[in-house]
Amino acid sequence: MKEIFSPLSGVFRRVWKHLLLILAMMSVAHGADAISFDLDSIAEWGRFPRFCVNTYRWGDKFFNGYDSAYVVGTGYKFNAKITTDSWMDVYNFRLPEGTQILMNSDPSTSIGAYLTYLAVSVGYDINVSKIFGGVDRSRQRLRFGFNCSLFAAEVYLIKNDVGATMKRFGDMRDLHMPFRGIDNNTWGLDAYYFFNHKRYAEAAAFNFSRIQRKSQGSFYTGISIYTQQLDFDFNMLPDIMKKKLPADWLDYRYRVNTHNYAIRVGYGYNWVFRNNWVLGVSESPVIGIRKGYINSDIEKVSFSMYNRLKVSVVWNNGRWFAGAVGKVDGALISDKQTVYAGGVISGEACVGYRFNLW
């Protein structure tokens with residue numbers, strides 16, 4: 001381990017020395033009391049810093065130019081929040097002769113602390129489900145987002161390699177059979193543009209970084225690029241169950257490995273139903289083409305469909321804010337003998353505090 005980290009530590013030492021040198025030069029040139037992160041102070045350092053500040057201010061006005069009668073900023077650069085997040089996966093198969101397989105993963109719950117500066121957020125989550133005797137599943141549902149008045153972008157990763165509970169298999173209902181033959185990954189990128197971006201702020205309902213003052217909605221559209229890798233291994237089932245699986249499921253497995261290129265079209269609405277309260281709803285089908293392998297060694301191009309629904313309730317009171325967000329993400333995959341519908345249901349609650357350091 002020492003040999004592995006020693007080169008990295010050398011790099012860190014060199015970077016740290018350069019940072020100290022830069023700070024020392026700034027202190028000599030301006031005096032220690034003159035160093036400030038205020039934009040006006042930075043602009044006084046010289047021509048290039050002034051250009052950077054002017055560019056930042058232009059970009060902030062262009063990308064966040066809201067109608068102040070409908071949307072305003074929070075007035076603070078920082079916020080810290082405590083979150084609790086619960087989620088579970090749901091899988092539904094429709095097979096020939098009306099056979100249905102229904103499974104869902106055990107719910108997982110995490111508690112995290114986050115610090116946000118403008119559009120950058122860092123934090124850490126702890127899985128508390130296993131502490132209280134629940135499923136020992138690490139948090140593998142990662143999301144990163146950027147949201148301004150004109151558009152939003154999201155990067156996400158959804159993973160389950162722990163398993164689920166089988167609830168139904170054909171005529172056998174009310175099952176509680178553990179099923180561990182799951183290794184699923186979905187990751188992708190969404191970017192979309194808001195048409196009514198002056199008066200509607202998605203960030204007010206789902207990111208806590210804006211304040212919606214009057215009710216307003218907007219259509220939006222964009223692109224969605226995502227990859228699905230699904231692997232359900234049914235070999236562990238009793239023979240009486242395996243006989244009902246489709247004949248083309250080699251080795252009693254259902255496997256998908258596809259790349260999807262789609263158009264995302266949706267509508268969001270923020271209802272200011274009371275002073276300091278906002279109810280947000282956003283619904284968006286994701287429709288496009290799918291290229292890859294669906295339970296076959298032959299690569300095919302087919303129709304793809306995904307759907308994203310989210311609902312939130314947000315309370316703002318100056319520096320303090322709190323909110324609850326619910327999300328349902330679902331995919332539909334169909335071939336000659338099988339219709340698969342699967343997705344993630346999640347809910348988040350948080351409370352936070354806004355502040356400035358400069």
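Arg 264 is buried in this predicted model, with a relative accessible area of 1%. Its side chain meets that of Glu 154 in a salt bridge, with 3.5 Å from N to O. This pair links distant parts of the chain: Arg 264 belongs to strand 13 and Glu 154 to strand 7 (residues 151-160), 110 residues apart. Glu 154 is buried, as is Arg 264.

Arg 264 also forms a salt bridge with Asp 190, at 2.8 Å from N to O. Here strand 13, which holds Arg 264, is linked to strand 10, which holds Asp 190, and the two residues are 74 positions apart. Asp 190 has a relative accessibility of 0% and therefore counts as buried, the limit being under 20%. Asp 190 in turn meets the side chain of Arg 308 in a salt bridge of 2.9 Å, N to O. Arg 308 lies in strand 15 (residues 300-317), 118 residues from Asp 190 in strand 10. Both partners, Arg 308 and Asp 190, are buried.

| Salt bridge | N to O distance |
|---|---|
| Arg 264 and Glu 154 | 3.5 Å |
| Arg 264 and Asp 190 | 2.8 Å |
| Arg 308 and Asp 190 | 2.9 Å |

Glu 154, Asp 190, Arg 264 and Arg 308 are among the members of a network of salt bridges that also includes Glu 202, Lys 310 and Asp 329. The structure has nine salt bridges in total. Lys 310, a member of the network, has its charged end over the ring of Phe 206, 4.7 Å from the ring centre.

The protein contains five helices and 17 strands. Among contacts with a separation of 6 or more, 66% are between residues 24 or more positions apart. The accessible surface is about 20000 Å², and carbon and sulfur atoms account for 62% of it.

The structure holds 26 aromatic pairs. One of them, Phe 208 with Phe 321, is stacked, with 5.3 Å centre to centre and 25 degrees between the planes. Phe 208 is in the loop between helix 4 (202-206) and strand 11 (210-212), while Phe 321 is in strand 16 (residues 320-334), and the two are 113 residues apart. Both phenylalanines, Phe 208 and Phe 321, are buried. Another pair, Phe 232 with Tyr 340, is tilted, with 5.8 Å between the centres and 55 degrees between the planes. Because Phe 232 lies in strand 12 (residues 216-233) and Tyr 340 in strand 17 (residues 339-355), the pair ties together parts that are 108 residues apart in sequence. Phe 232 and Tyr 340 are buried. These two residues also belong to one aromatic cluster, together with Tyr 91, Phe 93, Phe 179, Phe 234, Trp 249 and Tyr 254.

Tyr 193, Phe 195, Phe 219, Tyr 267, Tyr 269, Trp 271, Phe 273, Trp 277 and Val 313 make a nonpolar surface patch of about 880 Å². Strand 13 (residues 253-274) gives the most to this patch, with four residues. Phe 195, one of the patch residues, is in the loop between strand 10 (184-194) and helix 4.

Tyr 252 lies in the loop between helix 5 (239-242) and strand 13, and has a phi of about 55 degrees although it is not a glycine. Tyr 252 is partly exposed, with a relative accessible area of 36%. Lys 242 lies over the face of Tyr 252, at 4.9 Å from the ring centre. Asn 276 is in the loop between strand 13 and strand 14 (277-294). Asn 276, also not a glycine, has a positive phi of about 75 degrees, and at 34% relative accessibility it counts as partly exposed.

Thr 83 lies in strand 2 (residues 78-94) and counts as buried at 6% relative accessibility. Leaving aside residues up to four places away in sequence, Thr 83 touches Ser 110, Ile 111, Gly 112, Tyr 114, Asp 125, Glu 348, Ala 349 and Cys 350.

Note on methods
Residues numbered from 1 in each chain as written. Predicted model: local features only at pLDDT ≥ 70, side-chain atom pairs only at ≥ 80, totals over all residues. Heavy atoms only, no water. Contact = heavy atoms within 4.5 Å. Areas by Shrake-Rupley, 256 points an atom, 1.4 Å probe, with all protein chains shown as cover. Phe/Tyr/Trp six-rings, centres within 6.5 Å; stacked < 30°, edge-to-face > 60°. Buried < 20%, exposed > 50% of the residue type's maximum accessible area, 1.4 Å probe, protein only. Lys NZ or Arg CZ within 6 Å of the ring centre and 35° of its normal. Patch = residues over 30% accessible without salt bridge, like charges linked within 9 Å, V, L, I, M, F, W, Y side chains within 5 Å. Salt bridge = Lys/Arg side-chain N within 4 Å of Asp/Glu carboxyl O.
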